[in-house]
Amino acid sequence: MFTTLFQVYLPLLGWTMLGFLLQKGMPTHWDRWVGPYPLGRFMFWVGVPLSIIGFMQGVDLSGQIWVAPLICWLSVGLGFGMTSTWLWWQQQRWEGAARTALISWSSAQQGSFHLAATLGNTGYLGYPICLAVAGRAYFGWALFYDLLGTLLMAYGFGVWVASRYGNACTQAWQVGIHILRTPALWSFGMGLLLAREPLPGWLSQGLTAFAWGMIPLSLLLLGMRLAQVKQWGAFRPAGVALCIKLLLVPLLVGVGLAFTSYPPLAKLVLVLQSGMPPAIATLVLTEEYDLDREVTVTALAVGYLAVLLTLPLWLGLWGS
């Protein structure tokens, strides 16, 4: 078990550290072209959409695999319900105080809090972990959880949250425009069409290679943003979000799946995916819609360390 975790997290920590060092040593005038902001926009408009098409090459659309996105939607709903309940409880607890912890939060902070507790890194981190612990036979479950679940939630529900808290878009038609203009949704539809009509071998291999190449690039982006954080004062909201995302949601999902007849390794993949730390997509959305970067990056950084402790827990409970 520990050998597998070491093999997964060695490149994870290595690429993130490289991004951190590059940002620290980068000349100031280079930041406009190769800094975290242009890199984040590249991921939003180019990297993520093409990665979706690449990862969908050769996907098997048959069998019980279709339950995977349903579990993802359930886990996102559980996370959002818990975050909303926690914020409501905080407001009731401190009602009447001159200055409360909730009121002191900006709209951008609350948006980042919701995203960190609901959207998991089921692609760039979930893929290699699920491949390592369950093999290629159950990789389709991880893929469908990400593409039909996390993808739609991140660039559908996630865009709604980000535009609501970041851009104050209260009109339904404005939120709809933000969702419809998301390139990841369009590329997913294109990926479904291309999955039925196989591409030439060279093009399919090129898209797949590009998709896997976006994994280290996304981790470089995380490291660059970590290097820009001046004050780490967002541990409380990030900690609550991580408790929900890494412990409560996968525990409830695992208990529910225990009463189903799905293959044991399929159950393990679904639990692992539901317990992934906050997604790189939360950072991409934070950059695009100007949410609170400190809350997002703190949740990302601490989440990647905390998952080292939670993964052995899920492997011990459902890995048999």
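Predicted model: local features only at pLDDT ≥ 70, side-chain atom pairs only at ≥ 80, totals over all residues.
Residues are numbered from 1 along each chain as its sequence is written, and side-chain values use heavy atoms, with hydrogens and water left out.

Of the 320 residues in the protein chain, 53% are buried, where buried means under 20% relative accessible area, exposed means over 50%, and partly exposed lies in between, with a 1.4 Å probe and protein chains only. If we take the contacts with a separation of 6 or more, 86% of them join residues 24 or more positions apart, a contact being heavy atoms within 4.5 Å. The chain exposes about 14500 Å², and carbon and sulfur atoms supply 67% of that area, as computed by the Shrake-Rupley method with a 1.4 Å probe, where for residues only the protein chains shown count as cover.

Now to helix H9, residues 183-196, which has 14 residues and reaches 21 Å from its first C-alpha to its last, close to the 20 Å expected at 1.5 Å a residue; the expected span is 1.5 Å times one less than the number of residues. Which residues of H9 are buried? They are Pro183, Ala184, Ser187, Phe188 and Gly191, and because they cover an arc of only 135° around the axis, they sit on the same side of H9. The arc is that of the directions from the helix axis to the C-beta atoms. The face turned away from this buried side carries the exposed residues Trp186, Leu193 and Arg196, whereas the cover over the buried residues of H9 includes H3 and H7.

Helix H7 spans residues 139-166 and holds threonine 150, which counts as buried because its relative accessibility is 8%. Leaving aside residues up to four places away in sequence, threonine 150 touches Cys72, Gly120, Thr122 and Tyr145. In helix H3, residues 36-55, we find tryptophan 45, which counts as partly exposed because its relative accessibility is 34%.

Helix H6 also has buried residues, namely Gly126, Tyr127, Ile129, Cys130 and Ala134, and seen down the axis they fall within an arc of 165°, so they line one face of the helix. After H6 comes glycine 135, whose phi is positive, near 80°.

Where is tyrosine 124 found? Its place is the loop between helix H5 (107-118) and helix H6 (126-134), and at 14% relative accessibility tyrosine 124 counts as buried. Not counting residues up to four places away in sequence, tyrosine 124 touches Met43, Val48, Ser51, Ala211, Met214, Ile215, Ser218 and Ile280. The C-alpha atoms of tyrosine 124 and alanine 279 are separated by 8.3 Å, although the two residues are 155 residues apart along the chain.

I will end with aspartate 290, in the loop between helix H13 (280-289) and helix H14 (293-318). Aspartate 290 has a positive phi of about 55° although it is not a glycine, and at 48% relative accessibility aspartate 290 counts as partly exposed.

Definitions and conventions. Helix = DSSP H or I, 4+ residues; strand = E, 2+ residues; numbered from the N terminus.
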